[in-house]
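Student: I've got a model to go through before group meeting. Can you walk me through it in plain terms?

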Amino acid sequence: DNMAERLLAGKSPPFLVRVGHPARLLPAVLTAALDARLSRSDGGAIVSDIKTELSEARRKMSAERSRGVREALRTEIKTLRK
């Protein structure tokens with residue numbers, strides 16, 4: 001964190017990606033954290049949407065009694081995982 005903080009504080013900071021647990025990073029280095037970069041990217045928004053759809057499909061499947069509907073939901077979950 002000390003090295004990353006000093007590199008980022010320079011006049012022309014390099015493209016730096018800090019890998020590590022976000023809770024253990026210094027606040028000055030959070031912008032360079034891998035998790036922060038992924039959450040700001042377009043791909044991060046897509047992944048978030050898919051996770052929401054997956055959790056909703058799982059919730060519907062657990063509440064559903066009909067075998068055919070449960071099978072359709074299982075197929076949807078398999079598709080979303082890909």
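Student: Is Leu-38 buried, partly exposed or exposed?
Tutor: This is a predicted model, where local features need pLDDT of at least 70, side-chain atom pairs count only at pLDDT 80 or more, and totals for chains, interfaces and linings use all residues. Residues are numbered from 1 along each chain as its sequence is written, and side-chain values use heavy atoms, with hydrogens and water left out. Buried means under 20% relative accessible area, exposed over 50%, and partly exposed in between (1.4 Å probe, protein chains only). Leu-38 comes out at 47%, so it counts as partly exposed.

Student: And which helix is Leu-38 in?
Tutor: Helices here are DSSP runs (H or I, at least four residues), numbered from the N terminus. By that numbering, Leu-38 belongs to helix α2.

Student: Which residues make the nonpolar surface patch of about 500 Å²?
Tutor: Patch members need over 30% relative accessible area and no salt bridge, with nonpolar side chains (Val, Leu, Ile, Met, Phe, Trp, Tyr) joined within 5 Å and like charges within 9 Å. Areas come from the Shrake-Rupley method with a 1.4 Å probe; for residues, only the protein chains shown count as cover. Val-19, in the loop between α1 (2–8) and α2, counts as exposed because its relative accessibility is 59%. The patch is made by Phe-15, Val-17, Val-19, Leu-34 and Leu-38.

Student: Which residues form the largest nonpolar core?
Tutor: A nonpolar core is a set of buried Ala, Val, Leu, Ile, Met, Phe, Trp, Tyr and Cys residues joined through side-chain atoms within 4.5 Å. In this model, the largest one has six residues: Leu-54, Ala-57, Met-61, Leu-73, Ile-77 and Leu-80.

Student: Where in the chain is confidence lowest?
Tutor: pLDDT is the predictor's confidence in each residue, from 0 to 100. The chain mean is 86, and 100% of residues reach 70 or more. Confidence is highest in α4, with a mean of 89, and lowest, with a mean of 83, in helix α2.

Definitions and conventions
Helix = DSSP H or I, 4+ residues; strand = E, 2+ residues; numbered from the N terminus. Salt bridge = Lys/Arg side-chain N within 4 Å of Asp/Glu carboxyl O.
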